[in-house]
Number of protein chains: 2
Amino acid sequence: MRKLRLFSPGPTMVPPEVTAAMAGPFDHHRTAAHRAIFREVTENLQYVFQTSASVCIVTGSGTAAMESAIVGVGAPNSKALVLCGGKFGERWAKVCKSYRINHVAHQMEWGTAPSGELVAELLAKDSAIDTVIVTHCETSTAAAADLQAIAEVTRRRDCLLVVDGITSVGALPVRMDEWGVDVVVTSSQKALMTPPGLGFVAVSERAWKRIDSFASPALYLCLKAYRQGFPTQDHPYTPAITLLRGLQVALRMMREEGMENIWRRTATLARATRAAVEAMGLRVFARNPSDSLTAVLLPEGFDEPTFRRRLREEYGILVAGGQDQLKGRIFRINHMGYVDATDTLGAIAAFEMLLSDMGHSFPLGAGVAAAMQAAKES
Amino acid sequence: MRKLRLFSPGPTMVPPEVTAAMAGPFDHHRTAAHRAIFREVTENLQYVFQTSASVCIVTGSGTAAMESAIVGVGAPNSKALVLCGGKFGERWAKVCKSYRINHVAHQMEWGTAPSGELVAELLAKDSAIDTVIVTHCETSTAAAADLQAIAEVTRRRDCLLVVDGITSVGALPVRMDEWGVDVVVTSSQKALMTPPGLGFVAVSERAWKRIDSFASPALYLCLKAYRQGFPTQDHPYTPAITLLRGLQVALRMMREEGMENIWRRTATLARATRAAVEAMGLRVFARNPSDSLTAVLLPEGFDEPTFRRRLREEYGILVAGGQDQLKGRIFRINHMGYVDATDTLGAIAAFEMLLSDMGHSFPLGAGVAAAMQAAKES
């Protein structure tokens with residue numbers, strides 16, 4: 001028997017209801033039947049983003065969606081501050097570089113995340129900055145920024161705030177309208193419980209003004225073409241219809257559970273996992289740990305490749321390793337989407353079994369016990 | 001009972017084997033298991049493109065894939081000739097415009113397609129042109145270009161030839177290596193029998209030289225990042241895993257049938273349909289009709305919206321209408337991918353029933369009879 005559980009922070013596990021919907025017959029995208037799906041999906045995305053702004057649906061990865069946002073607000077006379085605390089922050093600086101968008105990349109130690117104070121300080125130093133690009137949760141380090149505090153700062157300064165919410169929207173609290181965030185991006189394969197292939201870009205009226213102020217240097221990733229989809233419900237290019245069918249079902253499930261309940265469930269799993277990590281004598285990597293995933297620092301010299309291989313082969317659990325400078329030093333476990341306490345406690349037990357077998361010394365059962373205690377107290 | 005048949009030229013019908021594969025469990029994309037799928041899919045795409053060149057797999061629509069090709073070869077000192085005989089040719093000129101790629105757009109009458117002579121003539125007039133962008137089959141008009149003759153001309157001149165093969169690859173004969181075509185693009189939802197969401201770009205060594213000669217103005221659609229996938233089998237960004245699972249099965253089916261047999265089947269369906277159109281007293285719109293789809297010109301003043309609505313509601317057949325200047329004047333029926341003679345004869349019978357009911361006068365049964373005769377003679 002082979003049973004594989006995706007504990008990777010994207011792609012995450014997909015509910016069988018979603019899978020079934022994707023396997024059903026589908027209609028052409030320029031029909032009333034499809035438009036009804038598009039309308040429902042768009043409205044439920046607004047609920048997930050907690051916004052009344054238009055949400056653009058782009059066929060592509062999260063990177064594609066984030067690139068459309070950055071290029072959209074990167075007007076010739078604008079200047080962006082890009083906060084880089086990991087692989088993805090660095091990628092957004094690369095997007096600016098590719099399109100020759102005037103920007104300054106602020107490098108931060110991996111595992112830390114920007115605060116409102118930091119952003120205020122950086123803005124005070126450079127009055128030309130009119131755009132802030134921040135990664136809410138940096139997937140590569142599992143650190144989360146204080147988005148609400150940063151939004152307060154950017155609102156005061158009248159800066160556009162563009163948020164990579166790929167590993168946050170639908171998992172961490174994000175209240176786009178209430179907090180005054182201008183652009184929020186996410187993708188299908190994280191908290192939205194749908195396979196990869198769709199990106200989503202929520203765009204405020206303030207951001208549209210910027211986007212409309214200049215000719216886009218790109219065609220496929222020009223958001224203007226996607227705005228027509230709201231509220232007229234039409235796609236500019238052939239969309240990934242089967243993924244939209246799956247998304248429709250996933251969003252219904254999210255709406256039924258309710259955002260606050262989802263945020264609470266996600267936070268509980270993260271708290272339980274962090275408690276387990278400490279109890280197993282390991283450390284959480286991030287100094288500002290996110291609730292959407294946890295990065296676990298392995299003991300110096302620990303055989304990480306064997307750990308992940310055996311976790312998969314013997315326990316049916318796939319976790320993500322470290323990227324770039326964190327390769328071999330951490331592993332990452334997901335708390336977003338279709339994952340619950342039973343899944344997570346099972347995974348922690350598997351970590352315990354294997355860590356113990358590989359010579360890491362701690363009281364067997366301590367991890368699961370600590371996790372249960374933390375979950376109970378949540 | 002509701003039974004809907006997609007006779008639209010994309011999305012086309014999807015085999016149940018493909019649907020089933022997309023509904024199965026899937027693995028993370030950075031694993032040996034996924035790499036094996038990626039390798040198999042890439043090799044079978046090479047077979048479909050009839051090339052030994054690397055084939056890049058981009059998550060996105062056909063437009064995204066075509067944009068990556070145009071931007072890739074659009075070096076700062078290059079000049080492109082874009083042949084525009086319909087909506088899609090015009091879109092490729094728009095891509096050039098967005099990225100400020102030096103180009104000249106040659107407008108042609110809709111329904112006609114470029115010949116080798118025309119391209120030779122246009123190249124002779126402008127020695128600065130080093131890139132030709134041609135739409136093999138223009139989906140909006142159902143006209144097909146003589147790709148082999150055009151490739152002969154561009155090879156002589158040492159021009160790069162970039163081909164929109166979205167409505168051709170896997171349906172019309174395309175022999176990329178033998179004909180000396182430099183870049184060929186297609187997407188999943190046409191002859192490749194897979195739902196929309198994936199684009200494919202086959203890139204010759206000559207084209208890679210151009211692509212490598214300058215910094216890309218885009219990130220997500222920069223082909224350089226996708227080349228690493230060949231032969232190391234890794235995606236630069238999270239790919240649409242479920243669609244790749246479906247594609248794997250679709251390509252196995254294509255390989256089993258064999259490209260020549262597929263081309264023959266497609267041509268037979270087209271020939272039968274054209275014969276039926278004439279026999280029903282209608283006309284094929286394109287002066288250079290493609291075998292991948294047929295555009296049927298309706299009688300002056302015919303109520304096209306009602307025709308398409310009733311075709312769907314009463315006969316379960318979805319055909320595409322006309323786009324832009326052809327809106328209301330034509331309907332388009334697909335011959336690509338998972339469609340056979342029985343499907344097509346059934347559709348023709350439905351056209352007959354409805355045309356007759358809507359007052360178009362012709363001998364009932366003439367269309368199907370002519371189609372059968374044409375199919376028999378093929």
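Both faces of strand 8 of chain A are covered, with L160(A), V162(A) and D164(A) buried on one side and L161(A) and V163(A) buried on the other. A residue counts as buried if 20 or more other C-beta atoms lie within 10 Å of its own, as exposed if 12 or fewer do, and as partly exposed in between, with C-beta atoms placed from the backbone. This is a predicted model, in which local features need pLDDT of at least 70, side-chain atom pairs count only at pLDDT 80 or more, and totals for chains, interfaces and linings use all residues. Residues are numbered from 1 along each chain as its sequence is written, while chains are lettered from A and ligands numbered from 1 in the order in which they are written.

- Five of the five residues of strand 8 (residues 160–164) of chain A are buried, so the strand is largely enclosed by the rest of the structure.
- In a regular strand the side chains alternate between the two faces of the sheet.
- Strand 5 (residues 131–135) of chain A runs parallel to strand 8 of chain A and is joined to it by five bridges; two strands pair if DSSP finds at least two bridges between them.
- T131(A) has L160(A) as its bridge partner in strand 8 of chain A.
- Strand 9 (residues 183–187) of chain A is also parallel to strand 8 of chain A, with three bridges between them.
- In strand 9 of chain A, V185(A) stands opposite D164(A).

**Chain A as a whole**

- Chain A contains 15 helices and 15 strands, where helices (H or I, at least four residues) and strands (E, at least two) are DSSP runs numbered from the N terminus.
- The radius of gyration of chain A is 21 Å, which agrees with the value near 21 Å for a compact globule of 378 residues. The radius is taken over C-alpha atoms, and the globule rule is 2.2 Å times the number of residues to the power 0.38.
- Along the principal axes, the C-alpha atoms of chain A fill a box of roughly 60 × 55 × 35 Å.
- Of the 378 residues in chain A, 56% are buried.
- Among contacts in chain A between residues at least 6 apart in sequence, 73% join residues at least 24 apart; a contact requires C-beta atoms, placed from the backbone, within 7 Å.

**Domains of chain A**

- Chain A is divided into domain 1 (5–9 + 258–377) and domain 2 (16–257), with bounds from an automatic or database domain assignment.
- The centres of domain 1 and domain 2 of chain A, taken over C-alpha atoms, are separated by 28 Å.
- In chain A, 27 residues of domain 1 are in contact with 26 residues of domain 2.
- On the domain 1 side of this contact in chain A, helix 12 (259–279) and strand 12 (293–297) each supply at least two residues. Helix 12 of chain A gives the largest share of that side, five residues.
- By class, the side of domain 1 of chain A that touches domain 2 of chain A has twelve nonpolar, eleven polar and four charged residues. Ala, Val, Leu, Ile, Met, Phe, Trp, Tyr, Cys and Pro count as nonpolar, Asp, Glu, Lys and Arg as charged, and the others, Gly among them, as polar.

**Relation and contact of the two chains**

- Chain B superposes on chain A by a rotation of 180° with 0.0 Å of shift along its axis (RMSD 0.0 Å). That is the relation of a two-fold axis. The least-squares superposition uses the C-alpha atoms of residues with pLDDT of at least 70 in both copies.
- G60(B) comes closest to the rotation axis among the residues of chain B, at 2.4 Å (C-alpha).
- 42 residues of chain B are in contact with 42 residues of chain A. The elements giving two or more residues to the chain B side are helix 1 (16–23), helix 3 (62–73), helix 4 (87–98) and helix 11 (241–257) of chain B.
- The side of chain B that touches chain A has 24 nonpolar, 15 polar and three charged residues.
- The copies meet through the same surface, because 100% of the interface residues of chain B are also interface residues in chain A.

**Backbone exceptions**

- Most residues other than glycine have a negative phi, and most peptide bonds are trans.
- G10(A) and P11(A) are joined by a cis peptide bond, with omega about -5°; P11(A) is in the loop between strand 1 (5–6) and helix 1 (16–23) of chain A.
- A cis peptide bond with omega about -5° also joins G10(B) and P11(B).
- A142(A), although not a glycine, has a positive phi of about 65°. A142(A) lies in the loop between strand 6 (137–138) and strand 7 (143–144) of chain A and is buried, with 32 other C-beta atoms within 10 Å.
- D158(A), also not a glycine, has a positive phi of about 60°. D158(A) lies in the loop between helix 6 (147–157) and strand 8 of chain A and is exposed, with 8 other C-beta atoms within 10 Å.

Notes:
Contact = placed C-beta atoms within 7 Å.
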